[in-house]
Amino acid sequence: MDMDRTYILDTTKKIDDQVLIKGWVDTKRDHGKLTFIDLRDKSGIVQCVGYQKMGELTVESVVEIVGVVKARPEKMINPNIATGTVEIDVQEYRVLNKAQELPLPIDTNGLELSEEVRLRYRYLDLRRQRMQKIIRMRSEYFHAMREALIKRDFVDIETPLLTKSTMEGARDFLVPSRFQPGKFYALPQSPQQYKQLLMTAGFEKYFQIAKCLRDEDLRADRGFEFTQMDIEMSFVERADVMRTVEEVVKESVKAVGGKLKFEDFPIIPYDEAISKYGADKFDLRTDEEKREGVLAFAWVVDFPFFKKVDRKDAAEVRDGKSGWTFTHNPFSAPLPEYAEDLLKGENIANIRTSQYDLVLNGYEAGGGSIRAHSAEMLEATYEVMGYTKEETERSVGHMLEAFRMGTPPHGGIALGLDRHVMILAGEDSLKEAIAFPMSSTGRTAVMDAPSEVSAEQLKELGLEVIEED
Ligand code: ASP
């Protein structure tokens with residue numbers, strides 16, 4: 001079939017032409033000698049009429065069809081599909097891959113199915129219209145965000161995946177080193193330190209769509225890995241970062257047709273949020289706006305820098321040796337009026353951080369801060385958490401060193417993009433916003449991980465698995 005392929009949506013512009021279309025058999029109806037097929041590709045779906053029995057054509061088989069595009073008579077027009085004004089008279093067809101019966105329906109929204117079945121056959125689950133729409137919207141949203149940042153002179157820079165523990169307040173995923181048995185890399189909980197070092201390096205405006213990995217307890221809206229828009233800027237104050245991020249978010253939301261409640265995001269101090277809403281994330285929509293899928297973004301600022309360690313939280317106990325640990329990010333600077341207190345280690349409970357959180361419809365949609373860019377300030381933060389000079393040096397000595405070699409004032413943010421997509425799509429599980437999410441029990445979609453490895457692999461890594469009884 002030596003013709004150019006026509007996408008199904010474009011057939012409406014080719015009345016009476018012969019076309020070659022390719023796709024999946026969405027539905028098939030036998031009417032005696034006539035066979036009706038709805039053929040589906042990435043652009044749409046079209047009815048094809050075959051004057052032959054097409055017995056071997058099973059639903060979801062991949063086929064190519066050569067046929068003539070016919071205008072449908074007025075009363076036969078199907079207003080429910082974009083190609084409802086035409087149908088294809090099949091002249092020839094070829095099966096490119098015959099499909100066996102699928103283990104799950106894909107013509108529903110899928111929410112009636114178990115997570116196990118949906119994730120085991122995620123490549124089929126993704127064929128359904130709802131998932132196609134979400135994943136394509138995710139791509140458009142990411143594109144819009146990249147465009148908004150590039151337009152503002154940001155540079156897209158990758159940072160390593162095999163790295164060192166970053167103190168983001170969660171447990172690390174560790175990767176054993178084969179070359180140095182007994183030593184481990186940590187997968188990044190975020191690119192926090194590398195993005196700050198890029199400010200030392202003089203890039204001034206950085207972004208990255210970054211994968212972050214945190215070995216935390218799983219929840220409906222939290223997986224082991226997530227995607228964030230990671231941003232850092234030099235020579236800025238809190239208001240500069242918030243303004244830039246707000247502009248970028250608004251442009252991107254509008255690019256995918258999202259409706260904003262506020263053109264200027266309200267800025268709410270932490271104390272006010274707690275007294276008014278009882279939490280630092282809240283939903284500012286009215287009931288009607290909830291039904292309309294409106295997006296209510298807001299900022300929360302003036303958080304306490306430190307909190308008392310929760311003894312049940314292993315990461316907090318590890319980080320907060322003195323009984324104090326950071327509420328958000330140890331690399332943050334305090335608000336300027338608290339700098340003295342932090343440097344002296346006084347009035348700890350009182351110190352406020354430059355942290356700003358972006359809240360959306362009751363969820364945390366991002367967070368960042370102006371950073372400590374002097375070695376003294378970062379050292380003071382670690383001292384409050386009970387680190388000796390040596391311990392601080394061991395943990396963040398490389399940052400202190402960089403700070404002493406011309407690191408400009410800087411700050412940034414990370415936006416939880418999976419959550420943005422989930423909310424934009426009107427879904428309430430993060431898994432609906434991710435092509436291949438992990439199951440609630442921490443297993444990978446389609447592939448069977450985590451799984452055992454061979455004795456040779458373990459030996460090479462100098463590891464031994466101790467069976468628990
Ligand atoms: N690194 C922080 C996080 O991932 C965000 C930031 O402060 O930029 O939560």
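Reader: How many aromatic pairs does the structure hold?
Author: The structure is a predicted model, and it holds 8 aromatic pairs. One of them is formed by F173 and F224.

Reader: What is the geometry of the F173 and F224 pair?
Author: It is edge-to-face. The ring centres of F173 and F224 are 5.3 Å apart, with 80 degrees between the planes.

Reader: Where do F173 and F224 lie, and what does the pair tie together?
Author: F173 is in the loop between β6 (155-156) and β7 (174-176), while F224 is in the loop between β9 (205-213) and β10. The pair therefore ties together parts that are 51 residues apart in sequence.

Reader: Is F173 buried, partly exposed or exposed? And what about F224?
Author: F173 has a relative accessibility of 24%, so it counts as partly exposed. F224 has a relative accessible area of 16%, so it is buried. The cut-off for buried is under 20%.

Reader: What about Y270 and F303, how are those rings set?
Author: Their centres are 5.3 Å apart and their planes are at 45 degrees, so the pair is tilted. Y270 belongs to helix α6 (residues 270-277), and F303 to the loop between β14 and β15 (306-308), so parts 33 residues apart in sequence are tied together. F303 is buried, with a relative accessible area of 1%.

Reader: Let me step back. How many helices and strands does the chain have?
Author: The chain has 13 helices and 19 strands. Its C-alpha atoms fill a box of roughly 90 × 60 × 40 Å along the principal axes.

Reader: What share of the chain is buried?
Author: Buried residues make up 48% of the 469 residues. As for contacts between residues at least 6 apart in sequence, 65% join residues at least 24 apart.

Reader: Which residues touch the most other members in the largest nonpolar core?
Author: Y141, V249, F297 and L415 do, in a core of 43 residues. Elements giving two or more residues to this core include α3 (129-151), α5 (238-255), β18 (363-370) and β19 (410-416).

Reader: Which element gives the most?
Author: α3 does, with 8 residues.

Reader: What does L415 touch?
Author: Leaving out residues up to four places away in sequence, L415 touches M145, T227, Q228, M229, V245, V249, L358, A365, G366 and H420.

Reader: What does the second core include?
Author: That separate core has 22 residues, among them W324, L378, Y382 and L400.

Reader: L378 and Y382 again: which of the α10 residues are buried?
Author: The buried ones are A375, M377, L378, E379, A380, T381, Y382 and V384. With 8 of its 10 residues buried, α10 is largely enclosed by the rest of the structure.

Reader: What covers them?
Author: The cover includes β15, β16 (324-326), α9 (339-344) and α11 (389-403).

Reader: Pick T381. Is it buried or exposed, and what is it in contact with?
Author: T381 lies in helix α10 (residues 375-384). Its relative accessibility is 0%, so it counts as buried. Apart from neighbours within four places in sequence, T381 is in contact with F305, F306, P330 and L342.

Reader: What follows α10?
Author: G386 follows α10, and its phi is positive, near 90 degrees.

Reader: Different topic. Which strands close into a barrel?
Author: There are 5 of them, in the order β1-β2-β3-β5-β4, and the pairing is mixed. Neighbouring strands of this sheet are turned by 50 degrees against each other on average, direction ignored.

Reader: How do β1 and β4 pair?
Author: β1 and β4 (residues 62-71) pair in the antiparallel sense, over 7 bridges. W24 stands opposite V62 in β4.

Reader: What comes in the segment before β1, for instance where is T11?
Author: T11 has its place in that segment, before β1 (18-31). At 0% relative accessibility, T11 counts as buried.

Reader: What does the T11 side chain reach?
Author: It reaches the backbone oxygen of I8, at 2.7 Å. Beyond its neighbours within four places in sequence, T11 is in contact with T6, I21, V46, V69, T83, V86 and I88.

Key
Residues numbered from 1 in each chain as written. Predicted model: local features only at pLDDT ≥ 70, side-chain atom pairs only at ≥ 80, totals over all residues. Heavy atoms only, no water. Core = buried A, V, L, I, M, F, W, Y, C linked by side-chain atoms within 4.5 Å. Buried < 20%, exposed > 50% of the residue type's maximum accessible area, 1.4 Å probe, protein only. Helix = DSSP H or I, 4+ residues; strand = E, 2+ residues; numbered from the N terminus. Contact = heavy atoms within 4.5 Å. Polar contact = N/O pair within 3.5 Å; in protein donor to acceptor, adjacent residues only side chain to side chain. Pairing = 2+ DSSP bridges. Axes fitted to C-alpha atoms, helices over the stretch in contact; angles between N-to-C directions. Phe/Tyr/Trp six-rings, centres within 6.5 Å; stacked < 30°, edge-to-face > 60°.
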